[in-house]
Structures are given as structure tokens and as C-alpha cells.
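Have the coordinates open while you read.

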Amino acid sequence: MKTFDDLVFKTHANVAGGLQASLDLGDYQVSVVTMKDKKPQYGGLYGSQAEGTYEVAVFANTESVDGRDMVHLSEWDDVLGWQTPEQITAIMAKIQTGNGASLNQPQGVI
């Protein structure tokens, strides 16, 4: 089973000082981003690698206008910020055990 440790982080394509990683998990793709250091005063991503936190999004690998549909990870948003590696691994495990569809059910934060 794939875990947070299987993510390979590279320099973020659009955010200075950011890192990004993504991994296909069958019907879904997990995307994880973070700042290398603490979040700047303005802008940036919802996580800091230096503090062990990350921002996660999940996309369904289905046909749509842009090729992917974002999965709602909470009642209020498509992304979850300030997640630990363990929390991201739990999301990945849910996907890999065939429960990915449950990620978009409005139940509050995972």
C-alpha cells in the first residue's frame, strides 16, 4: 500500500519556495504541496515542510472539462491544509481500500 513516504517532492511549478508531489492511486490522484519553510506573510501554501505539515487535494481520474474532478475533502473545501504525513497516509489508505468515494461525503474534516 502506498503511503506519504512514496510521494516524491519537487520544486513547485507556480509558488516560490513551494514543493509539490502527486501520485496516482487507481481511480484517484492525490496531490500534496507545502512550503519549504514557514509560510510567508502573504500568499503561499497551507503547510510547512519545516513544521511537518502539508496541503492535500484529491482528484478523481474521470472525464471532465479539465480531465479531473476535485474531490471535496471537507464540508467546506476541496483541500485540507496543515495535514501531517499520518493524516495524508490515512486519506491515501481510504482511497486504496476502495473507499475513495466516501471522501466526498459531507462529514466534516477527515
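Which residues does A57 touch, not counting those up to four places away in sequence?

1. Bear in mind that this is a predicted model. As for the question, A57 touches Q29, V30, S31, M70, L73, D78 and V79, once residues up to four places away in sequence are set aside.

2. A57 itself lies in strand 4. Its relative accessibility is 7%, and because buried means under 20%, A57 counts as buried. Have a look at the pair A57 and L73 too: they are 16 residues apart along the chain, yet their C-alpha atoms are separated by 7.4 Å.

3. Next, V56. Leaving aside neighbours within four places in sequence, V56 is in contact with V30, S31, V32, L73, D78, V79, L80, Q83, I88 and I91.

4. V56 also turns up in the largest nonpolar core, which has 20 residues. The members that touch the most other members are L7, V30, V32, V56, V58 and I88. Two or more residues of this core come from each of strand 2 (18-25), strand 3 (28-35), strand 4 (54-60) and helix 1 (85-99).

5. Now turn to helix 1, where I88, I91, M92 and I95 are buried. These four cover an arc of only 95° around the axis, so they sit on the same side of helix 1. E86 and G98, on the other side of helix 1, are exposed.

6. What do the buried residues of helix 1 pack against? Their partners are strand 2, strand 3, strand 4 and strand 6 (79-83).

Definitions and conventions: Residues numbered from 1 in each chain as written. Predicted model: local features only at pLDDT ≥ 70, side-chain atom pairs only at ≥ 80, totals over all residues. Heavy atoms only, no water. Core = buried A, V, L, I, M, F, W, Y, C linked by side-chain atoms within 4.5 Å. Buried < 20%, exposed > 50% of the residue type's maximum accessible area, 1.4 Å probe, protein only. Contact = heavy atoms within 4.5 Å. Arc of directions from axis to C-beta.
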